[in-house]
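Please examine the sequence and the structure before reading on.

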Amino acid sequence: MIDNRPYTFNVALPGGIPNRFELHTRRTLKSMHGQYLDIEAYNDKLSKEDTLLYEVYELSRPEVAGELIHGISIVHPGLVGNEYFMTKGHFHTVLDTAEIYYVLQGNGKMVLETLQGDWAIEELTPGKMLYVPPKWAHRSVNTSLEHDLITLFAYPGNAGHDYGTIETQGFRKLILIENGEPVIVDNPRWQEPAQREVDL
Ligand SMILES: [Fe+2]
């Protein structure tokens, strides 16, 4: 039953778990097959434990254009080889839909990319608001090794999630740790637009 009365909810910090949600998604290492650069480190880590990488608490709304699906994303700290814990990353199924993020806690980067191969990386620090325009795939990366990266998000109810495109082509840029600091590197396995069977 959808609640069509106005409502508020609280997001207590630290922790970031909202006191109201309908959906709790937990993504573990095994859902990131092929996404981390260091395949050996990934397989080695997975053979020991299917570590929890990130969680999403969602306040569900009808999947229609006039609604806003919203909630809290929590990316936990850690590394796979030299690469930080991160979300799968996705395009919206309806490409012409945007999204906003507001950073509540932690430090990280949003890695963004279009189907044409344009890319951007935005800093995520507490108090920062990020606007993801339509047609940009997005992935949150937690660049702290100690603290959760906690963001509030909202996107149109009809947007949907296309994870498959990123699973196949990867992101053009990766965020690795080097001498204790995050660095942006080219993804050697990234598929250039010319190699893809998509209508650009
Ligand atoms: Fe999104």
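## A tyrosine at the surface

Why does tyrosine 102 count as partly exposed? The model shown here is predicted, and in it tyrosine 102 has a relative accessibility of 33%. Partly exposed residues lie between the limits of 20% for buried and 50% for exposed, so tyrosine 102 falls into that class.

Tyrosine 102 is part of strand β6. Together with Ile100, Met129 and Tyr131, Tyr102 makes a nonpolar surface patch of about 390 Å². Strands β6 and β9 (129-132) each contribute at least two residues to the nonpolar patch.

## The largest pocket

The largest pocket holds about 420 Å³ of space. Its lining consists of 26 residues, of which Val56, His90, Tyr155, His161 and Tyr163 are the closest to the centre.

At least two residues each come from β1 (23-28), β2 (52-59), β3 (68-75), β6 (99-105), β10 (137-142) and β11 (149-156). By residue type, the lining of the largest pocket comprises nine nonpolar, 11 polar and six charged residues.

How many cavities of 30 Å³ or more are counted? The count comes to one, and the largest cavity has a volume of about 30 Å³.

The residues that line the largest cavity are Phe91, His92, Leu95, Thr97, Lys135, Trp136 and His138. Three of the lining residues are nonpolar, three are polar and one is charged.

## Backbone features

Most residues other than glycine have a negative phi, and most peptide bonds are trans. The following places depart from these patterns.

Lysine 135 is located in the loop between β9 and β10, and it counts as partly exposed because its relative accessibility is 45%. A positive phi, near 50 degrees, is also found at asparagine 179. Asparagine 179 belongs to the loop between β12 (173-178) and β13 (181-186). With a relative accessibility of 75%, asparagine 179 counts as exposed, because the limit for that class is over 50%.

Which kind of peptide bond joins leucine 13 and proline 14? The bond is cis, with an omega of about -10 degrees. Proline 14 is placed in the segment before β1.

Note on methods: Residues numbered from 1 in each chain as written. Predicted model: local features only at pLDDT ≥ 70, side-chain atom pairs only at ≥ 80, totals over all residues. Heavy atoms only, no water. 1 Å grid on protein atoms, 1.4 Å probe; cavity = no way out; pocket = protein on both sides within 12 Å on 5 of 7 lines; lining within 4 Å. Points joined across faces, edges and corners; volume = space filled by probe spheres on them. Helix = DSSP H or I, 4+ residues; strand = E, 2+ residues; numbered from the N terminus. Nonpolar A, V, L, I, M, F, W, Y, C, P; charged D, E, K, R; others polar. Patch = residues over 30% accessible without salt bridge, like charges linked within 9 Å, V, L, I, M, F, W, Y side chains within 5 Å. Areas by Shrake-Rupley, 256 points an atom, 1.4 Å probe, with all protein chains shown as cover. Salt bridge = Lys/Arg side-chain N within 4 Å of Asp/Glu carboxyl O. Buried < 20%, exposed > 50% of the residue type's maximum accessible area, 1.4 Å probe, protein only.
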